[in-house]
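Hi,

Here is the structure I promised to pass on.

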Amino acid sequence: MQAAINYQRINTLLDAHQRNPLQLVQILIAIQHEYGGIPAALRDYIAKALNVPLTQVHGVVEFYHFLSTARLGKYRIYVSDNITDRMLGNEAIMQTLLTELAVERSKPRTDGRVFVDYTSCTGLCDQGPALLINGRPITRLNTELAKAIAQKINADQPLDSWPSNWFQVEESLRVAGPVLASRIEPGRALQAALAMGPERFLKQVDLSGLRGRGGAGFRTALKWRVSRDAPGKAHYVICNADEGEPGTFKDRTLLTRFADAVFEGMTLGAYVIGAQQGFLYLRAEYAFLYPHLVATLARRRAERLLGKGILGQDFDFDIDIHLGAGAYVAGEESALIESLEGKRAVPRTRPPYTATHGYLNQPSICNNVETYVKTALIAIHGASWFLESGTRHSPGTKLLSVSGDVARPGIYEYPFGVSVQTILDASGASNTQAVQVGGPSGTCITPIEFSRSISFEDLSTGGSFMVFNQSRDMLRVVQNFTHFFAGESCGFCSPCRIGTQLLKQSIDKIVSGSATTRELSDIAETANCIKTMSHCGLGQTAANPLLDTLKRMRPIYEARLTSLDFVPGFDLDGALVTARQLSQRNDAQAHLGQICDENGCLINTSSDQSPSRGPTS
Ligand SMILES: Cc1cc2nc3c(=O)[nH]c(=O)nc-3n(C[C@H](O)[C@H](O)[C@H](O)COP(=O)(O)O)c2cc1C
Ligand code: SF4
């Protein structure tokens with residue numbers, strides 16, 4: 001039985017969000033949580049209550065993975081489907097859940113109480129296989145635990161009565177550098193920056209050479225300066241805690257263990273650019289951190305580190321937490337801002353850039369969680385200290401999320417310039433076949449390149465470092481990544497929307513052993529189109545897993561092809577049987593030989609005369 005919709009409660013919820021259309025995503029998340037879905041009547045009600053077009057409400061619900069137009073039930077399970085979860089047996093977990101719960105994947109159970117599906121990486125790769133149930137994570141699954149979960153659901157036992165240790169998320173800090181080893185006392189960085197004044201502090205950030213830790217490596221000081229100098233009614237500070245790149249989970253650790261430093265860095269940003277409002281955009285998969293983050297904010301307000309008159313000065317700034325609703329593309333900063341404004345997370349056309357036209361088209365800075373922590377350290381220790389580690393073009397340290405075939409998965413902090421081999425040795429990797437640096441959108445390297453370094457000038461990464469030993473089928477890895485991009489494409493531009501589907505079909509064909517060399521040239525053509533013509537970074541990098549492995553591991557592809565020559569998928573000659581019967585011809589020239597020339601054109605070898613050419617399709 002589905003709970004009846006209580007419109008009084010909906011009204012209270014709407015009032016709590018001031019019936020503000022900018023809060024649309026937040027309102028829909030709350031309703032999804034309470035009712036397991038947002039049916040037509042509710043969508044209509046919300047559209048009227050917020051005075052927004054019904055199409056906007058419907059469009060938002062359809063866009064995000066964790067919102068649904070249909071009511072999915074009281075228990076909603078999403079099994080994490082990153083390649084590392086696959087390697088740890090998530091398919092057996094899925095099968096156990098489906099059997100024990102008597103439900104079909106991705107369809108609500110007939111009694112409307114249970115829903116089970118896969119989702120992209122949940123950011124728990126160091127302790128997979130993992131799942132989310134009503135947004136709460138359960139890690140280190142095995143089939144026994146999956147059966148126990150199903151029993152609890154079948155007995156309709158509320159989640160709060162389940163063993164609390166099932167919901168524990170561990171933080172494994174393996175190699176600590178200045179960030180992980182530090183105890184940044186709340187307020188210390190702020191005091192240091194306030195003593196310097198905004199201009200001198202910004203100068204320190206500039207001298208430190210700090211580059212954004214979200215992946216692209218843009219100079220933080222430059223971003224902050226452009227934003228500060230841009231005219232606007234208000235300036236905004238945004239922290240990108242979307243952390244959707246498969247294999248990345250270092251921001252989860254920072255938000256869990258170093259939330260004060262993250263908020264302190266955001267406050268420093270506000271001090272420099274003159275912002276009064278900040279937002280931390282927290283990925284839906286990390287909603288379990290929400291109470292802890294809200295409590296940290298409340299404590300900081302009580303300690304006068306946030307709010308009005310910060311540290312007794314004429315400086316007002318506060319931070320709201322906005323939840324994502326499941327969309328990898330929402331990590332792209334302009335898409336993130338769309339989501340903050342209550343819309344579908346579709347990347348904006350740029351320029352203009354966020355620094356001048358961000359939230360509500362006002363000057364804004366958007367930085368990664370780790371970048372903000374680094375600014376707090378720079379405030380305390382200064383630029384020269386920061387420059388002591390790292391390389392000339394990549395100063396400082398980088399937090400890495402190490403997972404896959406290693407004995408010690410977890411968070412490793414190294415100065416930029418560290419070699420891949422050093423990380424493999426430290427994490428207990430052996431017999432390594434390949435490392436995926438920077439997630440699916442990054443680079444796949446093989447042992448010959450393990451002396452390469454993690455840095456913006458060599459192997460750039462937002463933090464993901466996934467290891468695959470010799471036992472792994474790398475084509476399955478590529479398949480998982482390619483499916484990921486196809487599932488996450490927002491559909492806004494055709495090259496990405498269609499191209500990611502074509503790449504998915506190609507890799508499926510290759511893995512199933514029904515492809516020929518022709519597939520490989522098709523991949524190259526599609527990849528070129530999607531890379532050069534896509535609107536945002538998702539499409540531009542979606543072909544990387546295929547291209548990298550084709551370049552470095554071509555034999556694994558060739559070994560899977562049915563033929564190194566082109567074999568048409570359609571028997572053209574066979575299709576002409578009826579035509580031959582009708583025309584009463586069965587001589588050699590009435591037949592088509594199915595052999596192609598180098599351009600893929602059919603050559604009629606049945607005739608002694610010069611070959612007739614025709615397109616294959
Ligand atoms: C598809 C896509 C997803 C992204 N996801 C994230 C993310 O989860 N976290 C992040 O910090 N940056 C992400 N980025 C990069 C952001 O657009 C932006 O560059 C970053 O937040 C800037 O912060 P930084 O300068 O501190 O690195 C993503 C970019 C793209 C194209
Ligand atoms: S490249 Fe893909 S994700 Fe980016 S805007 Fe186009 S369709 Fe959306």
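Let me start with the rings: there are 18 aromatic pairs in this predicted model. A pair here means rings of Phe, Tyr or Trp (its six-membered ring) with centres within 6.5 Å; planes under 30 degrees apart count as stacked, over 60 as edge-to-face and the rest as tilted. Trp-385 and Phe-386 make a tilted pair, because their planes stand at 50 degrees, with the ring centres 6.4 Å apart. Tyr-412 and Tyr-414 also have centres 6.4 Å apart, but their planes are at 15 degrees, so this pair is stacked. Phe-66, Tyr-78 and Phe-115 are joined by ring pairs into a cluster.

As for cover, Trp-385 is partly exposed at 24% relative accessibility, while Phe-386 is buried at 3%. Tyr-412 and Tyr-414 are both buried. (Buried is under 20% relative accessible area, exposed over 50%, partly exposed in between, with a 1.4 Å probe and protein chains only.)

Before you read on, a word on conventions: residues are numbered from 1 along each chain as its sequence is written, while chains are lettered from A and ligands numbered from 1 in the order in which they are written. Because the model is predicted, local features need pLDDT of at least 70 and side-chain atom pairs count only at pLDDT 80 or more, whereas totals for chains, interfaces and linings use all residues; side-chain values use heavy atoms, with hydrogens and water left out.

Arg-86 is over the face of Tyr-118, 5.6 Å from the ring centre, and the charged end of Arg-283 is over the ring of Tyr-286, 5.3 Å from its centre.

Now the ligand. Which residues come nearest to ligand 1? Out of 18 around it, they are Gly-214, Lys-223, Asn-240, Asn-368 and Thr-371 (a residue is near if one of its heavy atoms lies within 4 Å). For polar contacts (N or O atoms within 3.5 Å; within protein, one must be able to donate a hydrogen and the other to accept it, and residues adjacent in sequence count only if both atoms are side-chain atoms), the side chain of Asn-368 has an N or O atom 2.8 Å from a ligand 1 oxygen. On the backbone side, Glu-333 has an N or O atom 2.9 Å from an oxygen of ligand 1, and a polar backbone atom of Gly-244 is 3.3 Å from a ligand 1 oxygen. Ligand 1 exposes 610 Å² when taken alone, and the protein buries 87% of that (areas by the Shrake-Rupley method, 1.4 Å probe; for residues, only the protein chains shown count as cover). β9 gives the most to the shell, with three residues.

Pro-363 is in the loop between α14 (333-340) and β9 (364-368). (Helices are DSSP runs of H or I, at least four residues, and strands are runs of E, at least two, numbered from the N terminus.) Pro-363 is buried, at 1% relative accessible area. Beyond four places in sequence, the contacts of Pro-363 (heavy atoms within 4.5 Å) include Ser-227, Tyr-236 and Thr-354.

Lastly, Leu-550 is in helix α22 (residues 544-552) and is buried at 10% relative accessibility. Leaving out residues up to four places away, Leu-550 touches Leu-520, Ile-523 and Tyr-557.

Cheers

Notes:
Lys NZ or Arg CZ within 6 Å of the ring centre and 35° of its normal.
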